[in-house]
Amino acid sequence: MIRKFLLLLSMIVSGEIANAQTNYAASDIPKNLMIRSNAVIRTHNETVEVKSYTQVIYHVKKAITVFNNNGDVHAAIDIYYTRNREARINLKGVIYNEFGMPVSKFSDKNLTDESAISDGSLYEDSRVKRFKPAIASYPYTIEYEYEQTFNQSLLLPYWKPIETTGVSVQSARFELKTFPGFSYRLKELNYAGKAISDSTKDFKSTVWTMHDAPSYRSELYSPHPETFLTSVRITPDKFSYQGVDGSFANWKEFGTWVNEKLLKGRTELPPETIASIKELVSQLPDEKSKAKKIYEYMQQKSRYISVQIGIGGFQPAKAFEVDKLSYGDCKALVNYTQALLNVAGIKSYYCIVQAGSFKRNAPADFATMQFGNHIILCLPFERDTTWLECTSKDIPFGFLSDFTDDRTVIACTESGGKIMHTPYYSPLKNKQIRKANFRIDSLGNADVTMETSFSGTQYENHDALLRLTQTEMIKKFREFYEINNIESAKISFTQNKSANPTAVETAEFTAYNYGVINGGRLYIPLNEVNSSRTINELRNRTFPVYINRGYTDVDELTFKLPGDYKIESLPENKVIKQPFGEFSVTIKKDEKSVTYTRSLILKEGNYPAEAYQQLVDFYQEIKEADNSKLVLIKR
Amino acid sequence: MKKISLFIALLCLFKAADGQDFAYGSTTLQELDMKSYSRDTSANAVVLKEFGTARISSDDKCPLIFDYHVKIKIFNSKAFEYGDVVIPVYKSNNDRYELVREIKGVTTYLGKDGAMHTSELDPKKVFRENKNIHWDLLKFAMPNLTDGCIVEYSYEIESPYVFNFRKWDFQWNIPKMSSEYVAHIPAVYNYNASLKGYLKLTKNDAELEKECFAPGGGVKADCSKISYLITDVPAFVEEDYMTSSVNFKSSINYELSDYVDYMGAKHKVTKDWKDVDYELKQDENFGSQLKKKDFFKPLLTASIQNQPDELSKAKAVYSFIKRSFKWNNRFGCYSENGIKKAFESHTGNIGDINLSLIAALSSAGINTEAVLLSTRDNGLINRLFPVISDFNYVVAKATIGGKSYMLDASDPLLSFGLLPVRCINDQGRVLSLDKASYWVDLTASQKENKIYNLNLELKNNGKIEGDMTIMSFGYEAYNKRKAIKKFNSEEEYLEDLDEKMPKIKLLKSEIKNVDSLDIGVVENYHIEIDAYSSLNQQFSFNPFFMDPVKENPFKLKERNYPVDWGVPSESKISINLTFPKEYEIVSKPADVGLALPEGGGRFITSITTDQNSLNYSELFALNKSVYMSDEYPFLKELFNRIIQTQKSDIIFKKK
């Protein structure tokens, strides 16, 4: 009797799926969902069912209508699997034409199977199953359903109904079902509704839904999409991952768990290395100079090679092994550096950070293993906290560059996890200062001497010149500057390494035909060394303006004029002041020379959406000023 | 055959046994002390020695055995990537695949103690990445790299693919002091070998090896042992605007021509075009597909029945096939799954799509042939003898009213007769079911052609208002359509265009012919330019504001390889500007007329003035697809002069 009832129930359910096709006519899509959209998610139902600490079932049913070939990418299915996500997924799908009539079916056997090793990695165990629908007429709808089992409960799928630009959502639903006693924390961002919870004696369920959400457009200088898109993240209080059990409810406990389960007992070193480190630092007076010596030893010895297998995605390779191989990934190299510092009795913290030029903070109130993509090392010297990037062979001791600057990180300290902030490099510190002399002859040729210094987060701007031979350096130098016909060049590039490093580029060269003679006049471009770009206008700017990182550029160029010409016209001085930046051009002249000074400061921060048009105008005015010329006339 | 053997035997009299692999692990202190490579002091690393040998084994199934051994001096960490090794191996299925054995590696370096140290590669640290159904990658990172160290590694590959005898790359992006390859080829196998690149072989020896091949069953054969050596191989330096580096890097490539089987029967594999023609026509994935005309007959009826002539029929078939397929981004001159199946699933590789096109055109009664070609990235074709594996693409050649049209149905935006730029690569081989094959030039049938017409008025308030028409033809029309189709609608394209030019407002816009592929795209705009905040006593106007050349794309003093521009281009600009009566022109850029030798290109400008108007006209044409390296200085100078010209302004003064 019970069996029959179940059978009937399942028939009802599948009957529903079969009928659903009539709903996929493209003409049923509300007009507001089609604005700037190349695809519309018709329905997207996800269920995450935590059955036990080692079994989580992720069920997906999705239908998406694609309007043109720009939308094809959203119809493609990519399902990743690793040691902790099963390869078996039972995919079933149907493709419908614009009227919602089925045209073809697909299943597991249509999937390709490829490795999914990220760029720059030697080996990882992650793989991907892919399906790309091939439909030549638009619009079409693809509907599919699959189920994937996870054998861990640490990394759970999260809800992000709108994932990217150009895709709107008609209906999305996310359900989290957990066994009784499974406790977790949630982070809801920009969720307008209220989640609906229900529980029975067998499970607890929470459901989030979204309806008729229009697509968004990417806008320059916008805050991170996480600040305006809806998302729900889940993190367990207690979990099991690749045979490692654990629990944490906050960052403090998280740090303790990382220390105990991932880092403990991995800093042992061979006795020879211990001996040579001891000797290396024996004559040095203080901890900081010792740490610097050790860091440079590590940089010189090792190189970055990424290998991620199973728990190895979170756990560093043993210091002993790194010592033997002289390579490792960020975790391994940080752990190795920490081990070397231990030998000299110097304390350091393993720190988890979200790296990248766009600054991202650790979510203070939401401890999760899903935060971060990089590891750096913190040396908590009294009043002089020092930070180390351990994967670069060149970066100076104590300098973090724009890869990990100015953001909060999770430091794994002896008393657990702690939120710390990496150094901030202010717009006035991020400097590029250039001084140049252009000696112009009567034919318009220029003999140039130029010196440029780079500091703060601009320190690495011309790093490409590093360790090149003179010939190669000249080639690269020509790519950096707009100036044409650079010949007989002598270039040098030096770095003054410190926690506030400076790189200096000096150049001497001749630029043939720098100025142009026409109609008895000699036209001399004033700025072919650092000219600005312009940015698109936006008719309807929706997001506030966010400038991620500020900087200062100063270019002082002196033009020595040929004796047989006199100045006919000069551009005017210019000053623009805006909340987000300042620009000025100052021109000084005497009989024989003209000095052009250009200064640009961009200030980071949040500005209202209306500031965007001012920013467009700002760049436009700069661009025009950068194009200005000095006009000389024959005496 | 006998003659050759005799020749080889004679050679043996003069040559000592040579072509030996160097000893493994024989790094010397002298090599470790090397601070730079004297022939190329800019090199971050140099291959000290590289040795490879390939032979056909007498073992079961007679696999090809390739042994590789290299020793690389690494001067500094910029070249550490040469310590990260990837060995790609191919597999057809579970029974037929390449096997890698005996991977060995050792890093030798000077310790702080000044003594020589070694670190062996741990076999457990060799990873196998199962990339996709056809490729596995064996990957390893050499341990303990330090500035000045030497890495050495060797491995053996056993391969069932004897048709393509192992190729050898003499040239890398770092220099090599010596690169030697020894091929042991049993007399029962006959290969065509071709040397690519401009380097000369330092040594090329052949000698006879008696009865080296004995696969059993009484079969015994002698081998030719052929050694190829190049010493002092320079680093390969990539230049901008060049086609595939494969064309220029020195390498040796083989294709099996014929072989003798166990029974003593000779099998031709590739010999001359006559054989190839025959084989391709019989090939299940090529000729057989071309014969499937009947399949398309009923499908085409609706599209072609009302077409008045052959050309419109052909165009109708072409759009039908374009509509019916979505290209899966894979190249190939063979059909992957058969065109019926491909047609039903609406997707396929180039072979599936264009063989369908050929069959469909033929079924509509249009004289159509197949053209095998190699794409630009794939390199140039060896035309001395047929090397089928060099080809990676096929297109249709339809002959209508004495005129031939090259057609590729993989891209819906291509107009009739326009090949994608990737196909414009030297020559292709034309194959038909009833004639002998022949070569055909793969040149651009049209130019990248654009015309700008501007009719503008400068007003007293400093604004410029007027009409702008942009006409795009040939490849330019294709590019334009592609740019427009990146947006979901024409409105979104126009909005973006307007937003891209903050100073210019598009007051009225109209785009014509976006979907009429056989005619040019025409854009009409009524524009307003915020040119000046007000008109001063004196101001300047730069007439070159449409599409200026800001930087010379050619920065090198000289060039080793041809400049490959893709397709010829031509642009014409005409600007008519009226200005307020209170002003006069006091200076204007001189007219220029520049030309490249042999009609290679032109840049012509002229400015004429009237009472209160001026007319600027410009013609810029690059007429060739490829400029040889001796034409390079002229090309570079042409761009230089264009930039010069565009730097000067028209100067207005109040009367």
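**Note on a predicted two-chain model**

1. Start with B:Ala45. Leaving aside residues up to four places away in sequence, B:Ala45 touches B:Ile72, B:Lys73, B:Ile74, B:Phe75, B:Ala79, B:Tyr82 and B:Ile174. Keep in mind that this is a predicted model.

2. B:Ala45 also belongs to the largest nonpolar core, which holds 109 residues. The members that touch the most other members are A:Cys351, A:Ile376, A:Leu377, B:Ala45, B:Ile72 and B:Ile74. Helix α7 (residues 330-343) of chain A gives the most to this core: eight residues. There is a second, separate core of 54 residues, and B:Val317, B:Tyr318, B:Val371 and B:Leu418 are among them. As a general point, nonpolar side chains tend to be buried together in soluble globular proteins.

3. Now the chain contact. Chain A puts in 45 residues and chain B puts in 47 residues. On the side of chain A that touches chain B, the elements giving two or more residues include the helices α6 (319-325), α9 (470-480) and α10 (611-626). The strands β6 (112-115), β29 (516-518) and β30 (521-525) of chain A are also listed there. By type, this side of chain A divides into 15 nonpolar, 18 polar and twelve charged residues.

4. Next, the domains. Chain A is assigned domain 1 (20-155 + 169-225), domain 2 (248-421) and domain 3 (431-634). The C-alpha centres of domain 2 and domain 3 of chain A are 39 Å apart. Their contact takes ten residues from domain 2 of chain A and ten residues from domain 3 of chain A. On the domain 2 side, four are nonpolar, two polar and four charged.

5. An unreviewed UniProt entry lists residues 56-215 of chain A as "domain: DUF3857". In the model, this span is 2% helix and 51% strand. Its end C-alpha atoms lie 31 Å apart.

6. Check one peptide bond. The bond from A:Tyr138 to A:Pro139 is cis, with omega near -10°. A:Pro139 sits in the loop between β8 (127-131) and β9 (140-150) of chain A.

7. Two residues of chain B deserve a look at their phi angles. B:Glu102 has phi near 50°, a positive value in a residue other than glycine. B:Glu102 is in strand β4 (residues 99-110) of chain B. Is B:Glu102 buried or exposed? B:Glu102 is exposed, because 10 other C-beta atoms lie within 10 Å and the cut-off for exposed is 12 or fewer.

8. B:Asp232 also has a positive phi, near 50°. Its place is in strand β13 (residues 219-233) of chain B. B:Asp232 has 14 C-beta neighbours inside 10 Å, so B:Asp232 counts as partly exposed.

Methods
Residues numbered from 1 in each chain as written. Chains lettered and ligands numbered in written order. Predicted model: local features only at pLDDT ≥ 70, side-chain atom pairs only at ≥ 80, totals over all residues. Domains from an automatic or database assignment. Contact = placed C-beta atoms within 7 Å. Nonpolar A, V, L, I, M, F, W, Y, C, P; charged D, E, K, R; others polar. Helix = DSSP H or I, 4+ residues; strand = E, 2+ residues; numbered from the N terminus. Core = buried A, V, L, I, M, F, W, Y, C linked by C-beta atoms within 7 Å. Buried ≥ 20, exposed ≤ 12 C-beta atoms within 10 Å, placed from the backbone. UniProt positions renumbered as here; feature names shortened; annotations may be inferred.
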